[in-house]
Amino acid sequence: QIEGHVVEFCQDQNGSRFIQQRLELGDRLEQDVVVREVLPSIRRLRNDVFGNYVVQKLLDFGSPQVRMSIRDTLEGEMLQ
């Protein structure tokens with residue numbers, strides 16, 4: 001069970017690979033857990049050496065709503 005540990009996994013080399021794999025190959029429940037836990041930490045993870053790969057994977061494999069949420073979260077910072 002990854003629930004409650006996703007952000008921690010994202011910040012570890014092997015954990016990040018595992019989470020990326022869950023986004024690509026996991027069922028909808030696993031993907032929802034990852035999205036629910038990653039979105040509130042997106043600013044921290046996008047700058048993390050391993051977490052940024054999870055953010056990229058969310059942009060590649062996330063639903064349009066997830067991509068829009070990431071964009072809205074980061075949009076103000078890109079304009080600064």
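Predicted model: local features only at pLDDT ≥ 70, side-chain atom pairs only at ≥ 80, totals over all residues.

Tutor: Helix α2 covers residues 13–25, 13 residues in total, and extends 18 Å from its first C-alpha to its last, close to the 18 Å expected at 1.5 Å a residue. The buried residues of α2 are G15, S16, I19, Q20, R22 and L23. Viewed down the axis of α2, these buried residues fall within an arc of 155 degrees, so they line one face of the helix. As a general point, an α-helix has 3.6 residues a turn, so residues three or four places apart point the same way. The face of α2 turned away from its buried side carries N14, R17 and L25, which are exposed.

One of the buried residues of α2, L23, also belongs to the lining of the largest pocket, together with R28, Q31, D32, V35, F61, G62, S63 and V66. This pocket holds about 150 Å³ of space. Sorted by class, its lining comprises four nonpolar, three polar and two charged residues. Helix α3 gives the most to this lining, with four residues.

Helix α3 itself spans residues 28–38, and its buried residues are Q31, V33, V34, V35, E37 and V38. At the start of α3, a side-chain oxygen of D27 comes to within 3.1 Å of the backbone nitrogen of L29.

Note on methods. Residues numbered from 1 in each chain as written. Heavy atoms only, no water. Buried < 20%, exposed > 50% of the residue type's maximum accessible area, 1.4 Å probe, protein only. Helix = DSSP H or I, 4+ residues; strand = E, 2+ residues; numbered from the N terminus. Polar contact = N/O pair within 3.5 Å; in protein donor to acceptor, adjacent residues only side chain to side chain. 1 Å grid on protein atoms, 1.4 Å probe; cavity = no way out; pocket = protein on both sides within 12 Å on 5 of 7 lines; lining within 4 Å. Points joined across faces, edges and corners; volume = space filled by probe spheres on them. Nonpolar A, V, L, I, M, F, W, Y, C, P; charged D, E, K, R; others polar. Expected span 1.5 Å × (residues − 1). Arc of directions from axis to C-beta.
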